[in-house]
Amino acid sequence: MAVVVPAAGVGSRLGPGAPKALRDVAGEPLLVHAVRRLRECPSVGLVVVAAPPADVATVQALVPDAVVVAGGAERQDSVAAGLAALPPDVELVLVHDAARALVPVEVVEAVVAALQAGALAAVPVLPVADTVKQVAVDGTVVRTVPRSDLRAVQTPQGFRRAVLEAAHRTAGAAVTDDAGLVEGAGVTVVTVPGSPLAFKVTTPFDLLVAAAVLRG
Ligand code: C5P
């Protein structure tokens, strides 16, 4: 199973500093933790990392057993660059955010199992704990969205490679995840249980949480 790891984000919500994947967490860059976690997964073989274009050599030195390519301006572009680097014989592919560096092995393997059982696309999800409201541009509430129908979606997201590549070729406006692209193409996406540990490091608070988890 090949994994494409988009890791080219600047991480502007973390404040000034190195690109997000290169931020230190418990003594090592976030990306190093993410790739190590993927390597613990029995199903994972090839790892392709889409790095910030200015940092390809730095990232290659950090993860010598991965193929490192230059990412793009949007996450979608970085994933496309990673897909383009896959050997022709790869039929199933995972896409996993470097920022979700603490994903448990069981979550990765559950996505893989769904693909091996025949799913064209599979994503890990969690129930939504907060009540969610749609708001207008002025900040006033439009309506409350029934929470029981909602799930928060994580990565890795798994795909039959041909399905994901076709969706990328026809992609229009930017979507925030890869499953969104294949949904747009009418493909059924199955869900498997996610984990709170697969949270996306986005803010300085998340960096503290990740460091605390890694230090046990
Ligand atoms: O921006 P966000 O935090 O949602 O990014 C999710 C993942 O996508 C991160 O691992 C980030 O490095 C990656 N990304 C990328 N290329 C971009 C933007 C984000 O690889 N241009």
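**Around the ligand**

Trainee: Which atom of the ligand lies 3.5 Å from a backbone N or O atom of Glu74?

Mentor: A nitrogen atom of the ligand lies at that distance from the Glu74 backbone atom. Keep in mind that this is a predicted model.

Trainee: And what lies 3.2 Å from a backbone N or O atom of Ala98?

Mentor: An oxygen atom of the ligand.

Trainee: What about Lys200, how far is its side chain from the ligand?

Mentor: An N or O atom in the Lys200 side chain is 2.7 Å from an oxygen atom of the ligand. On its own the ligand has 450 Å² of accessible area, and the protein covers 85% of that.

Trainee: Which residues come nearest to the ligand?

Mentor: There are 15 residues around the ligand, and Pro6, Ala8, Lys20, Ser78 and Lys200 come nearest.

Trainee: How does that shell divide into nonpolar, polar and charged?

Mentor: Six residues of the shell are nonpolar, three are polar and six are charged.

Trainee: Okay, where does the ligand sit?

Mentor: In the largest pocket. The volume of that pocket is about 780 Å³. It is lined by 33 residues, and those closest to its centre are Gly9, Arg13, Lys20, Arg75 and Lys200.

Trainee: Which helix gives the largest share of the lining?

Mentor: The largest share comes from helix α3, residues 75–84, with three residues.

Trainee: And the classes in the lining of the largest pocket, how many of each?

Mentor: The lining has 13 nonpolar residues, twelve polar ones and eight charged ones.

Trainee: New topic, the backbone. Where is there a cis peptide bond?

Mentor: Thr155 and Pro156 are joined by one, with omega at about 10°. Pro156 belongs to the loop between β10 (151–153) and β11 (157–160).

Trainee: What is phi of Ala26, positive or negative?

Mentor: Positive, near 50°, and Ala26 is a residue other than glycine.

Trainee: Where does Ala26 lie?

Mentor: Ala26 is in the loop between two strands, β2 (24–25) and β3 (28–29).

Notes
Residues numbered from 1 in each chain as written. Predicted model: local features only at pLDDT ≥ 70, side-chain atom pairs only at ≥ 80, totals over all residues. Heavy atoms only, no water. Near = heavy atom within 4 Å. Polar contact = N/O pair within 3.5 Å; in protein donor to acceptor, adjacent residues only side chain to side chain. Areas by Shrake-Rupley, 256 points an atom, 1.4 Å probe, with all protein chains shown as cover. 1 Å grid on protein atoms, 1.4 Å probe; cavity = no way out; pocket = protein on both sides within 12 Å on 5 of 7 lines; lining within 4 Å. Sits in = over half its atoms within 2 Å of the grid points. Nonpolar A, V, L, I, M, F, W, Y, C, P; charged D, E, K, R; others polar. Points joined across faces, edges and corners; volume = space filled by probe spheres on them. Helix = DSSP H or I, 4+ residues; strand = E, 2+ residues; numbered from the N terminus.
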